[in-house]
Amino acid sequence: MGTLERIKKLYLENFDFEEGQLKPEATIESLGLDSLDRVEFMFALEKEFDIKIPDREVSLNSIQDMIDVIDRLVSERRAQQGSEGAPG
């Protein structure tokens, strides 16, 4: 399952949305999430993807922003895990 599909799944589990609303270009504001919803959703994303979203990334404005940041953080985590296990 790709990043977008996993984000959609989390949204649908946590909020009352129709899947058609959850397009990459959809903004968080257009989805009607308040600040507490955003924070709770960031924690859900961190748990789902086993990442830590830095505070500076909290300005994620769209689903595409989330996809980009998550993919980058997952890649960085994998690279770091790979280098820790490499002989040196």
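Leaving aside residues up to four places away in sequence, Lys8 touches Glu19 and Leu22, where a contact means heavy atoms within 4.5 Å. Lys8 is found in helix α1, which covers residues 3-14; helices (H or I, at least four residues) are DSSP runs and are numbered from the N terminus. With a relative accessible area of 19%, Lys8 is buried, a word that stands for under 20% relative accessible area, with exposed for over 50% and partly exposed in between, for a 1.4 Å probe and protein chains only.

Leu4 also lies in helix α1, and, again not counting residues up to four places away in sequence, Leu4 touches Leu22, Pro24, Ile63 and Ile67. The C-alpha atoms of Leu4 and Ser75 are separated by 16 Å, while the two residues are 71 residues apart along the chain.

## Basis of the model

This is a predicted model, in which local features need pLDDT of at least 70 and side-chain atom pairs count only at pLDDT 80 or more, whereas totals for chains, interfaces and linings use all residues. Residues are numbered from 1 along each chain as its sequence is written, and side-chain values use heavy atoms, with hydrogens and water left out.

## Aromatic rings

A pair of aromatic rings is described by the distance of the centres and the angle of the planes. Rings of Phe, Tyr and Trp (for Trp, its six-membered ring) pair if their centres lie within 6.5 Å, and planes under 30 degrees apart count as stacked, over 60 as edge-to-face and the rest as tilted. A search of the whole structure finds five aromatic pairs. In one of them, the ring centres of Tyr11 and Phe15 are 5.8 Å apart and the planes stand at 50°, so this pair is tilted. Tyr11 is buried, with a relative accessible area of 0%, and Phe15 is buried as well, at 16%.

Tyr11 also pairs with Phe41: the centres of these rings are 4.2 Å apart and their planes are at 35°, so the pair is tilted. Because Tyr11 lies in helix α1 and Phe41 in helix α2, the pair ties together parts that are 30 residues apart in sequence. Phe41 is buried, with a relative accessible area of 1%. Together, Tyr11, Phe15, Phe17 and Phe41 form one aromatic cluster.

Asp50 is placed in the loop between α2 (35-49) and α3 (63-85). Although Asp50 is not a glycine, its phi is positive, at about 55°.

Terms used
Helices (H or I, at least four residues) and strands (E, at least two) are DSSP runs, numbered from the N terminus.
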